[in-house]
Amino acid sequence: MPDATHTDPWIAATFEEIGVPPPPSGDLAVVDPATETVLARVAAADLAACDAAAATACEAFGALRRLPIPERGQLVRTFGDRVRAAKEPLARLVAREMGKCIAEARGEVQEVVDICDFACGLSRSLAGRVLPSERPGHTMLEAWHPLGPVLCITAFNFPVAVFAWNAAIGWVCGDSFVWKPSLHTPLSAYALAGLAAPVFEEAGVFGAVTVAVAPPTPGTLALVEDDRFPLVSATGSCAMGRVVAPKVAARLGRTILELGGNNAAIIDETADLDLAVRAVVFGAVGTAGQRCTTTRRLYVHASRYDEVLARLRAAYEQVIERIGDPLDEKILVGPLVDGRAVERFETAVATARAQGGSVVVGGRRRPGPGHFVEPTLVAVPGGGIDIMAEETFAPILYVAPVADLDEAIAANNAVEQGLSSALFTRDVGAMGRFLSAEGSDCGIANVNTGTSGAEVGGAFGGEKATGGGREAGSDAWKAYMRRQTCVVNASGTLPLAQGIDWGVAGDPP
Ligand code: NAD
């Protein structure tokens with residue numbers, strides 16, 4: 001039976017439909033950003049709970065690393081099947097708790113399923129290498145071993161997918177997890193972890209994931225400083241990364257940092273505007289501008305600036321009609337996460353105006369209840385304005401004219417973050433420049449598609465203040481394992497590397 005302390009029966013019913021137990025109850029209020037009502041009160045993790053979570057993860061690691069890798073892959077596949085079966089109620093929970101519209105919430109849950117499929121395949125192909133040895137009769141090889149318990153800190157805006165990117169891969173690699181979700185979205189975390197736990201328990205692994213809803217201090221920082229975690233994978237703002245990274249470095253631990261983005265798109269003089277405008281609107285307004293890959297800056301060749309602005313204005317005027325309850329299928333724009341996010345939106349719009357930007361569409365908060373704001377288009381003069389260097393986690397798009405591609409690429413690269421970027425062009429030469437070593441300095445560089453909406457098969461992450469980490473596909477799995485270089489001598493003699501002759505035989509006299 002659902003926990004009676006849940007204040008919202010909808011949440012209890014949703015957990016029942018997903019088929020997992022409700023979260024342990026406590027004092028931490030989880031607030032619906034669309035209505036400002038309390039959805040549930042869950043237990044926050046104190047220091048003792050954090051310590052216990054780390055101990056559980058250590059035990060689970062001991063069991064998990066003994067399983068053959070393909071068997072771990074099968075567990076991840078079974079977990080993915082459970083998520084697939086619960087896709088609809090899980091998506092509704094994500095939409096309710098975080099505020100993204102239901103279509104995007106379904107997409108997020110699908111991403112969990114996709115990464116499980118990817119990880120299961122990886123479990124049959126994850127391989128080391130055999131390398132040439134300079135010594136006769138010797139074989140040198142690289143083996144990959146499980147790393148240990150991983151601390152995974154996640155942001156509110158992808159309450160299930162980001163953990164799954166880490167865990168599906170990490171579990172296949174043989175690692176266990178303590179999951180520190182955002183305090184805004186513990187319900188989604190408990191639901192996802194609840195789907196995983198029985199799958200692993202049936203295979204004798206208890207604690208493959210333990211949720212610890214810890215406040216930044218003291219709980220999260222105690223976990224961060226705990227050397228039982230050889231790896232801390234942290235997703236969130238650059239400010240969070242600047243606190244967490246030095247603490248892990250001080251104990252010589254490893255990090256995967258997935259931090260803030262301040263992503264630009266470029267439209268050149270040859271671009272297909274039908275395609276470009278649609279991509280930019282989705283990139284800028286999707287998830288109410290609360291994606292790390294959200295398009296925040298748009299640089300348009302001066303010859304097409306007026307036309308692009310007019311088309312964007314028309315698109316934004318339609319989108320503004322579709323702000324509201326994220327569970328309503330007609331809605332495209334849900335609320336911001338909380339009241340502070342709305343204040344930051346208003347401050348950024350006022351600052352943009354003061355710096356010479358003019359609001360073309362939007363710019364206002366909607367009356368409550370709910371933390372709703374209007375998707376906002378700000379025309380700025382050539383050269384841009386200072387506020388464009390900041391990541392305001394809200395649907396504000398700054399649009400500036402540029403004289404040529406060199407200016408656009410320089411502007412793209414002129415911020416501290418380096419996550420995602422996009423160029424819209426029909427010019428092969430422009431594409432080549434944008435994707436070259438002198439082009440975009442971001443971890444993601446797209447041509448004729450927007451800055452957001454990554455697929456799981458590629459390695460995801462960004463450069464500079466975005467933190468340099470990579471998650472999900474390609475060879476991102478290597479971060480969750482330890483590499484061992486092994487040499488096997490089958491020669492019956494002892495030739496030394498670099499031809500060293502050391503001259504002590506050790507034979508009895
Ligand atoms: P946030 O930094 O406020 O919080 C992220 C997580 O870190 C949460 O779990 C939070 O409780 C924890 N945290 C925050 N400050 C901390 C501290 N001082 N010590 C320890 N833990 C701390 O971010 P948010 O508001 O939840 O998410 C939005 C931010 O995350 C944006 O900057 C966005 O770009 C970024 N983000 C990046 C990626 C990526 O893959 N690069 C993905 C999603 C979100």
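Domain 1 covers 53-259 + 467-484 and domain 2 covers 263-459, with bounds that come from an automatic or database domain assignment. Residues are numbered from 1 along each chain as its sequence is written. Because the model is predicted, local features need pLDDT of at least 70 and side-chain atom pairs count only at pLDDT 80 or more, while totals for chains, interfaces and linings use all residues.

The contact between the domains takes 22 residues from domain 1 and 19 residues from domain 2, two residues being in contact if their C-beta atoms, placed from the backbone, lie within 7 Å. On the side of domain 1 that touches domain 2, the elements that give two or more residues are helix H4 (87-98) and helix H5 (102-122), and H5 gives the most, with six residues. Helices here are DSSP runs (H or I, at least four residues), numbered from the N terminus.

The ligand is surrounded by 29 residues, of which the closest are Ala155, Gly236, Met240, Glu258 and Cys292; a residue is near the ligand if its C-beta atom, placed from the backbone, lies within 6 Å of it. Helix H8 (216-224) and helix H9 (238-250) each supply at least two residues of this shell. Both domain 1 and domain 2 give residues to the shell, so the ligand lies between them.

The table gives the residue classes.
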